[in-house]
Amino acid sequence: MANEAKEKLIAGLNDDLALELAGIVRSVYQASTAGGLLGHELRELLQKELPVELQHAQFLADKIAILGGTPTTSIAEVPLPVDVGKMIDEDIATEWKIVSRLRERAGQAESYGDIGLKIRLEEMIADGTDHANALQRLVGLTQ
Ligand SMILES: [Fe+2]
């Protein structure tokens, strides 16, 4: 049972890692192609967020390794919109998706008895929420 819970936790963390890695690639793509004033604002925001995403990915990979798993090097699918509005819509949706996945993972970490991991995941949830809110502000959306 404990082993099964651990395997599930590792598998979930690996899916989260694939999303974080995709987030890095998506940000690099968008920062280089987003045009116009809104594109400029998006670029500024993404460049500020990139080091945080890299930290998230490294943390997840470290945790997977210490749990005895193999950190994935595959990345989740990266859409390639040309329109800046579509990029931002995509980014907002993805941030909320990650937040919801991390909430599930924090619950698994607690059941597994790793409260330190639960707290780190909750910090990532806070980062994701801040990031989603900053993107929403760019296009005048409320939460
Ligand atoms: Fe992240």
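Which residue, with a positive phi, follows helix 2? Gly68 follows helix 2, with a phi near 100°.

## The model

This is a predicted model, in which local features need pLDDT of at least 70, side-chain atom pairs count only at pLDDT 80 or more, and totals for chains, interfaces and linings use all residues. Residues are numbered from 1 along each chain as its sequence is written.

## Overall fold

The chain has 4 helices and 0 strands. From the N terminus, its elements run α-α-α-α. Helices (H or I, at least four residues) and strands (E, at least two) are DSSP runs, numbered from the N terminus.

The C-alpha trace spans about 55 × 30 × 20 Å along its principal axes.

Of the 143 residues, 29% count as buried. A residue is buried if 20 or more other C-beta atoms lie within 10 Å of its own, exposed if 12 or fewer, and partly exposed in between; C-beta atoms are placed from the backbone. Among contacts with a separation of 6 or more, 76% join residues 24 or more positions apart. Two residues are in contact if their C-beta atoms, placed from the backbone, lie within 7 Å.

## Helix 2

Helix 2 covers residues 36-66. Its 31 residues should span 45 Å at 1.5 Å a residue, and its end C-alpha atoms are 44 Å apart, which agrees. The expected span is 1.5 Å times one less than the number of residues. A kink of about 35° lies at Glu49, shortly before Pro51. The bend at a residue is the angle between axes fitted to the seven residues ending there and the seven starting there.

Glu49 is also buried, as are Leu45, Leu46 and His56, among others in helix 2. The cover over these buried residues includes helix 1 (2-33), helix 3 (84-112) and helix 4 (115-138). Gln47 lies in helix 2 too. Gln47 is exposed, because 12 other C-beta atoms lie within 10 Å.

## Helix 3

The 29 residues of helix 3 should span 42 Å; the end C-alpha atoms are 41 Å apart, which agrees. Its buried residues include Val84, Met87, Asp91 and Arg105. They pack against helix 1, helix 2 and helix 4. Val84 and Gln47 are 37 residues apart in sequence and 15 Å apart in space, C-alpha to C-alpha. Just after helix 3, Gly113 takes a positive phi of about 95°.
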